[in-house]
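Me: I have a structure open and I want to learn how to read it. Can we go through some features one by one?

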Amino acid sequence: ECYEYEGRGMTLKSYEDARKVLVNLNPGQKLTENQAPAQECDTVGDHWNFYAKGKFKGSVLGCECCRNTDAGPGLEKRYKAHPN
């Protein structure tokens, strides 16, 4: 049995979906991204910081999350947007 991704709030299935959350929260602003070390995934996930005109607007985190299924536990890539 494993810790399900829903418990971490990692509910988005793609990087694009997570990025859209930040874009929609910052209408009319061009967001630039920088990849950063992933700290919330025990340093093995993906992490991007987003800026508009040099001001931090949020980040996207991607992790391999464990999910319990009828066939047993399995890993699934999931994403979360962290607005500033």
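Me: Is Lys77 buried, exposed or partly exposed, and what is its relative accessible area?
Reply: Buried means under 20% relative accessible area, exposed means over 50%, and partly exposed is in between (1.4 Å probe, protein chains only). Lys77 has 25%, so Lys77 is partly exposed. A word on the source: this is a predicted model, where local features need pLDDT of at least 70, side-chain atom pairs count only at pLDDT 80 or more, and totals for chains, interfaces and linings use all residues. Residues are numbered from 1 along each chain as its sequence is written, and side-chain values use heavy atoms, leaving out hydrogens and water.

Me: Which side chain meets Lys77 in a salt bridge?
Reply: A salt bridge is a side-chain nitrogen of Lys or Arg within 4 Å of a carboxyl oxygen of Asp or Glu. Here the partner of Lys77 is Asp46, at 2.7 Å, N to O. The pair links distant parts of the chain: Asp46 in strand β2 (residues 46-52) and Lys77 in strand β4 (residues 72-83), 31 residues apart. Helices (H or I, at least four residues) and strands (E, at least two) are DSSP runs, numbered from the N terminus. Asp46 is partly exposed, at 23% relative accessible area.

Me: How many salt bridges does a search of the whole structure find?
Reply: The search finds 3. One of them joins Glu76 and Arg78, with the closest N and O atoms 2.9 Å apart. Glu76 is partly exposed at 25% relative accessibility, whereas Arg78 is buried at 4%. Glu33 and Arg19 also form a salt bridge, at 3.6 Å, N to O. Glu33 sits in strand β1 (residues 32-36) and Arg19 in helix α1 (residues 15-25).

Me: Which side chain of opposite charge is nearest to Lys57?
Reply: For charge, Lys and Arg count as positive, Asp and Glu as negative; His and the chain ends are not counted. For Lys57 the nearest opposite charge is Glu33, 15 Å away. Lys57 is buried and has no salt bridge. Lys57 is part of strand β3 (residues 55-69). Contact means heavy atoms within 4.5 Å. Leaving aside residues up to four places away in sequence, Lys57 touches several residues, including Leu22, Phe50 and Tyr51.

Me: Why is the pair of Tyr51 and Phe56 edge-to-face?
Reply: Rings of Phe, Tyr and Trp (its six-membered ring) pair if their centres lie within 6.5 Å; planes under 30 degrees apart count as stacked, over 60 as edge-to-face and the rest as tilted. A search of the whole structure finds 2 aromatic pairs. In the pair of Tyr51 and Phe56, the centres are 5.7 Å apart and the planes lie at 65°, so the pair is edge-to-face.
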